[in-house]
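Here is a friendly walk through one protein, from its overall build down to single residues. Keep the 3D view open as you read.

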Amino acid sequence: MSTRILVAPDKFKGSLSSSEVAAALATGLRSAGRPVDAVEMPLADGGDGSVEVALRAGFRRQPVRVTRADGTDGVADIALRGGTAVVEAALICGPTGGPPSPLTATSRGVGQAIQQAVGHGAGTVVLALGGSASTDGGAGLLAALGARMSDRAGNPLAPGGGPLTRLHRITRVGRVGLGSARLVLAADVDSPLLGERGAAVVFGPQKGATPDEVARLEAGLTQLVERLDRAGLPASACARRPGAGAAGGLGFAAFLLGARYRGGARVFLELAGFDAAVRTADLVVTGEGSLDEQTLAGKLASVVAVESGAHGVPAIAVAGRCLLDDPALAGFARCYALVSREPGCARDRTLSARTLTAIGREIGQSHYPRRVG
């Protein structure tokens with residue numbers, strides 16, 4: 001009788017997608033010389049790769065026309081199934097490959113994609129908020145949905161977070177083209193919009209912002225909140241909510257539009273059908289690029305371990321690196337780290353995939369823990 005192993009990893013950010021990680025591990029498991037049924041279920045937490053995960057779960061691909069972060073026109077994929085759509089910020093307003101432009105990058109395309117998702121019949125739009133290049137507080141998204149922003153002289157405001165410092169008036173903030181569609185904010189960060197834990201200070205440098213540019217972005221986001229408050233909207237309250245700082249403040253704009261926040265990991269476990277799959281599994285293999293203290297705060301791998309444990313199924317973690325003193329605290333029966341075996345994995349995708357396959361083979365050959373009961 002074969003052992004059923006559910007392979008359910010997140011991406012290894014900057015190296016391999018969750019599909020590539022799952023495929024490499026499953027290849028190793030199947031080559032172990034023991035009767036193993038390896039079921040691949042790549043997952044996401046709301047960041048890069050969210051649409052890909054939805055497509056593997058049975059959603060269909062729908063190209064939409066959008067404005068990229070740099071203001072150019074482009075096409076991006078969203079995922080549709082029934083009345084649900086997945087819109088991934090990273091595919092729409094993520095880095096374009098050119099020099100970073102943290103002050104002018106816009107989130108307008110995300111608003112355009114939401115409108116088109118609703119136009120294709122979506123009554124629920126899941127916003128996968130991670131991997132954006134913009135820090136405009138979702139001003140671009142709001143503009144795509146009808147908002148009008150101007151400076152003191154009445155001139156239209158240029159796109160991006162930098163020009164927000166000149167914002168004097170904002171009107172017509174609403175949900176043009178959305179009807180009664182529900183927005184679900186799926187993210188793996190709980191940052192507020194402003195302050196030391198906010199979108200500009202924490203994530204601005206990752207998007208190429210210098211210290212002076214971070215200060216300008218913070219000032220622009222503060223101005224956006226103040227002007228929205230004056231327009232009679234609950235902006236200050238929305239700015240303080242966990243997740244408001246996700247994707248350069250896209251979470252903040254989504255909250256203004258009535259979005260409900262959910263941890264990205266749990267959203268995508270549901271979309272992928274994890275609960276049904278784990279019920280027939282003897283073992284789960286999960287993982288992500290780095291297992292660290294943030295893992296304990298609800299990152300995908302730990303959520304997988306918790307959900308697996310609830311069904312009496314042990315979970316093994318495979319990571320690029322493991323900084324946890326005791327992986328058991330995160331619910332893992334065991335943890336394998338690539339860099340402890342091959343230090344060059346951090347810079348070599350091919351070596352990473354090969355090492356994952358070797359680890360998968362080792363797991364398949366070992367006397368791993370089995371389902372309880």
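## Contacts across the chain

In this predicted model, residues 24 or more positions apart account for 72% of the contacts with a separation of 6 or more.

## Overall build

The protein is made up of 13 helices and 13 strands. For 373 residues, a compact globule would have a radius of gyration near 21 Å, and the protein agrees, with 21 Å. Its C-alpha trace spans about 75 × 45 × 35 Å along the principal axes.

Of the 373 residues, 57% count as buried. The protein exposes about 15,000 Å², and 51% of that comes from carbon and sulfur atoms. As for charge, there are 40 positive and 33 negative side chains, and the centres of these two sets lie 6 Å apart.

## Helix H1 and its cover

Helix H1 takes in residues 18–30. An α-helix has 3.6 residues a turn, so residues three or four places apart point the same way. With that in mind, look at the buried residues of H1, among them Ser 18, Val 21, Ala 22, Leu 25 and Leu 29. The list also includes Ser 19, Ala 24, Ala 26 and Gly 28.

What lies over these residues? The cover includes strands E1 (3–7), E2 (36–40), E11 (283–291) and E12 (315–322), together with helices H2 (50–56) and H13 (349–365).

Thr 67 belongs to strand E3 (residues 60–67). With a relative accessible area of 10%, Thr 67 falls under the 20% cut-off and so counts as buried. Leaving out residues up to four places away in sequence, Thr 67 touches Thr 72, Asp 73, Ile 92, Thr 106, Arg 108, Gly 109 and Gln 112.

Arg 108 opens helix H4, which runs over residues 108–119. The 12 residues of H4 should span 16 Å, and the end C-alpha atoms are 17 Å apart, which agrees. Gly 109 and Gln 112, both on the contact list of Thr 67, are buried in H4. Val 110, Gly 111, Ala 113, Ile 114, Ala 117 and Val 118 are buried there too. Just after H4, Gly 121 has a positive phi of about 105 degrees.

Ala 186 sits in strand E9 (residues 182–187) and is buried, with a relative accessible area of 0%. Beyond its neighbours within four places in sequence, Ala 186 is in contact with Gly 46, with Val 126, Leu 127, Ala 128 and Leu 129, and with Arg 262, Gly 264, Val 267 and Phe 268.

Ser 308, in helix H12 (residues 300–310), is likewise buried, with a relative accessible area of 0%. Setting aside residues up to four places away in sequence, Ser 308 touches Phe 274, Val 278, Val 284, Val 313 and Ala 315.

## Helix H7

Helix H7 covers residues 211–230. Its 20 residues should span 28 Å at 1.5 Å a residue, and the end C-alpha atoms are 29 Å apart, which agrees. The buried residues of H7 include Val 214, Leu 217, Leu 221, Leu 224, Val 225 and Leu 228. Glu 218, Gln 223 and Arg 227 are also among them.

The cover over the buried residues of H7 includes strand E8 (169–171) and helices H6 (199–203), H8 (235–240) and H9 (250–256). Just after H7, Gly 232 takes a positive phi of about 90 degrees.

## Positive phi without glycine

Most residues other than glycine have a negative phi. Arg 172 is not a glycine, but has a positive phi of about 60 degrees. This residue lies in the loop between E8 and E9.

Ala 247 is not a glycine either, and has a positive phi of about 55 degrees. Its place is in the loop between H8 and H9. Which of these two is buried, and which is exposed? Arg 172 counts as exposed at 58% relative accessibility, whereas Ala 247 is buried, with a relative accessible area of 10%.

Definitions and conventions. Residues are numbered from 1 along each chain as its sequence is written. This is a predicted model: local features need pLDDT of at least 70, side-chain atom pairs count only at pLDDT 80 or more; totals for chains, interfaces and linings use all residues. Side-chain values use heavy atoms; hydrogens and water are left out. Helices (H or I, at least four residues) and strands (E, at least two) are DSSP runs, numbered from the N terminus. The radius of gyration is taken over C-alpha atoms; the globule rule is 2.2 Å times the number of residues to the power 0.38. Buried means under 20% relative accessible area, exposed over 50%, partly exposed in between (1.4 Å probe, protein chains only). Contact means heavy atoms within 4.5 Å. Accessible areas come from the Shrake-Rupley method with a 1.4 Å probe; for residues, only the protein chains shown count as cover. Lys and Arg count as positive and Asp and Glu as negative; His and the chain ends are not counted. The place of a charge is taken as NZ of Lys, CZ of Arg, CG of Asp or CD of Glu. The expected span of a helix is 1.5 Å times one less than its number of residues.
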